[in-house]
Amino acid sequence: MAVSEQGLLERNKETMTLNMGPQHPSTHGVFRVILEMDGELVNTSEPEIGYLHTGIEKTSEAKRYSHVIPMTDRLDYLNPPGNNLAFCLTTEKLLEIDIPKRAQYIRVMMCELARIGSHLLWLGTHALDIGAMTVFLYAWREREMILDLNELISGVRMMTSFIRVGGVAQDAQPEWLKGVRDFVDYLPDKVDEYERLLTNNPIWMDRTQGVGVISREEAINYSLSGPCLRASGANWDFRKKRPYSSYEEFRFDIPVYRNGDVFDRYKVRIDEIRQSREIIVQALKNLPEGPYKAEDSKVSLPPRETLKTSMEALIHHFKLSAEGFKVPRGEAYVPVEGPRGEVGFYIVSDGSVIPYRVKLRAPSYMAIPGMCKMMEGCFIADVVAVIGSVDIVMGEVDR
Amino acid sequence: MTNQDLIEKIQSALGDQIQKTELSLGDAVVFLEPKNLPQVAQTLKEDADLAFDYLSDIRGVDYLEWDRDPRFEAVYELHSIDHNHSVRLRVGIDEDEASVPTISHLWKAAPYPERELYDMFGIHIEGLENLKRIIMPEDWDGHPLRKDYPLITEEVAFSFNRDFKKELVKDKPETRENIWL
């Protein structure tokens with residue numbers, strides 16, 4: 001600092017470069033950002049990604065369609081059913097097969113449970129980043145129940161791989177349905193509890209309101225999606241706009257807020273937890289009877305009992321297990337709404353049992369430039385709040 | 001507006017700048033040459049009836065094994081938030097001097113997927129500042145998602161029983177040819 005002729009302190013124009021990450025706890029994974037600081041304020045930010053690159057897209061080009069599904073779990077590891085669904089819907093579009101209603105409803109329930117789980121994990125860690133410790137413990141307590149439900153239906157707590165091409169892996173058992181029913185009865189009080197801790201809390205409001213603002217036009221131009229886009233005032237949700245997997249049969253609202261700051265992104269996600277619960281309640285009530293996977297034996301395995309009596313079923317079983325199913329030549333893309341926004345796989349098929357090219361449209365990856373835009377002009381302490389509010393998952397950023 | 005109407009509208013608005021249009025499994029698809037991309041994208045974005053204001057994604061595809069010309073393709077997916085329709089632009093790119101103009105002046109989201117296109121396929125992006133690798137390390141050789149880049153197992157590092165694990169590493173690259181189809 002230098003003293004000017006008027007005797008005022010003149011700010012030095014020099015900036016400071018500050019490295020954040022890749023092992024910073026608030027970046028939720030291995031994300032590095034190089035901040036150019038003017039005192040306490042962020043001038044520009046240069047993100048650095050790729051630390052978690054595992055080459056899943058390249059590996060997919062050497063695996064059969066059914067073998068790609070477990071890898072999609074590992075992309076956005078907080079939303080495995082949503083990724084499975086996006087991959088399966090695209091493959092099913094290429095195959096042009098119909099999925100039974102019961103399977104569609106089970107898929108919807110799995111995806112909405114995952115959405116609640118993902119938002120709960122986000123809420124806990126985001127609040128922890130800003131300094132509210134208790135919410136973290138409460139939110140993870142409820143998320144644990146969702147993981148238990150996952151274990152009950154699929155045997156796995158996180159990477160369920162439960163949604164398969166043609167339907168789901170198994171029928172929904174009565175115990176699981178009872179568990180889901182208990183969970184949706186239990187949840188609303190708990191969401192109120194989080195809101196009592198945060199929504200009107202003056203510290204929370206100070207830390208989040210007016211921080212990391214992005215306008216509707218900019219949010220669209222930066223290709224933000226999901227809660228970030230809806231917090232800026234754009235009513236854009238694929239569950240309503242392009243209903244897939246029977247979403248048109250459910251009544252639910254899309255929460256939209258206008259300010260586009262960290263607080264509104266929090267409100268959108270809290271409201272989405274409530275709406276997802278509504279969808280699960282309706283799915284439980286109207287769950288149709290019938291098969292849980294397509295009866296097309298060229299794609300899904302024939303029922304176990306028929307193997308002992310039907311020669312044809314045995315042949316199909318052998319062919320499917322040993323060879324896989326052939327997908328007609330062509331390319332397709334089906335977007336679905338994940339907890340972080342538009343997820344979709346662009347699949348190019350050359351007519352064989354292995355996809356020729358698989359490309360994930362990852363909402364977190366596309367959100368990073370927008371996130372850096374939000375950081376500009378923020379205080380250094382708010383950078384953590386902005387990164388948390390966008391909810392990036394490095395698994396799908398680096399793929 | 002159905003996708004058929006959408007295609008007819010695009011055809012009438014951009015007739016001479018696009019190669020052909022088709023309805024692929026119900027999706028509107030437009031084929032065009034790289035040199036026309038900025039103009040086509042601008043018209044699609046600014047025309048009031050089309051208003052494709054949202055860039056969903058840019059993907060590269062390498063059609064080396066397909067006996068198809070040109071070898072590369074960059075695929076742009078655009079949505080319209082107001083009208084709720086989508087279009088897919090398929091831009092064929094030649095193998096020698098593989099290059100495509102940038103659309104980052106229209107969408108600020110474009111540089112990231114464009115840099116990925118360069119990183120993974122080695123397609124040069126004309127007019128993009130700061131064109132460098134994004135996912136792979138900067139000193140990496142080759143462009144991994146090209147079809148002539150082999151899929152091999154990485155050598156084991158950081159392991160206390162490295163000698164044992166080395167035996168597990170396959171020398172033979174796993175390609176589409178040696179997987180039993």
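Here is a question to start: leaving aside its neighbours within four places in sequence, which residues is B:A74 in contact with? Before I answer, note that this is a predicted model. The residues in contact with B:A74 are B:I58, B:G60, B:V91, B:I93, B:V100, B:L117 and B:I123.

As background, nonpolar side chains tend to be buried together in soluble globular proteins.

Now chain B as a whole. Chain B has four helices and seven strands. From the N terminus on, the order is α-β-β-α-β-β-β-β-α-β-α. Of the 181 residues in chain B, 34% are buried. Taking contacts in chain B with a separation of 6 or more, 48% are between residues 24 or more positions apart.

Next, strand β5 of chain B, residues 85-93. Seven of its nine residues are buried, so the strand is largely enclosed by the rest of the structure. What pairs with β5(B)? Strand β2 of chain B, residues 27-32, runs parallel to β5(B) and is joined to it by four bridges. In that pairing B:V30 stands opposite B:L89. Strand β4 of chain B, residues 72-80, runs antiparallel to β5(B), with nine bridges. There B:E73 stands opposite B:G92. β4(B) and β5(B) form a hairpin with four residues between them, and B:N84 in the turn has a positive phi of about 55°.

Two loops in chain B have backbone details to look at. The loop between β3 and β4 of chain B holds B:P70, and the peptide bond from B:D69 to B:P70 is cis, with omega near -5°. The loop between β1 and β2 of chain B holds B:L25. Phi of B:L25 is positive, near 50°, and this residue is not a glycine.

A:D391, in the loop between α14 and α15 of chain A, has a positive phi of about 60° and is not a glycine either. A:D391 is buried: 27 other C-beta atoms lie within 10 Å, and the cut-off for buried is 20 or more.

Chain A also has a hairpin. β4(A) and β5(A) pair in the antiparallel sense over seven bridges, and A:R32 has A:E48 as its bridge partner. Two residues lie between these strands, and A:G39 in the turn has a positive phi of about 65°.

On to helix α6 of chain A, residues 174-198. At 1.5 Å a residue its 25 residues should span 36 Å, and its end C-alpha atoms are 36 Å apart, so the two agree. Buried residues in α6(A) include A:V180, A:V184, A:L187 and A:V191. Among the elements covering them are α4, α5, α7 and α11 of chain A.

Last, where the chains meet. The contact takes 35 residues from chain A and 29 residues from chain B. On the side of chain A, α1, α8, β8, β10, β11 and α13 each supply at least two residues. The residues on that side divide into 16 nonpolar, eight polar and eleven charged.

Note on methods:
Residues are numbered from 1 along each chain as its sequence is written. Chains are lettered from A and ligands numbered from 1 in the order in which they are written. This is a predicted model: local features need pLDDT of at least 70, side-chain atom pairs count only at pLDDT 80 or more; totals for chains, interfaces and linings use all residues. Two residues are in contact if their C-beta atoms, placed from the backbone, lie within 7 Å. Ala, Val, Leu, Ile, Met, Phe, Trp, Tyr, Cys and Pro count as nonpolar, Asp, Glu, Lys and Arg as charged, and the others, Gly among them, as polar. The expected span of a helix is 1.5 Å times one less than its number of residues. A residue is buried if 20 or more other C-beta atoms lie within 10 Å of its own, exposed if 12 or fewer, and partly exposed in between; C-beta atoms are placed from the backbone. Two strands pair if DSSP finds at least two bridges between them.
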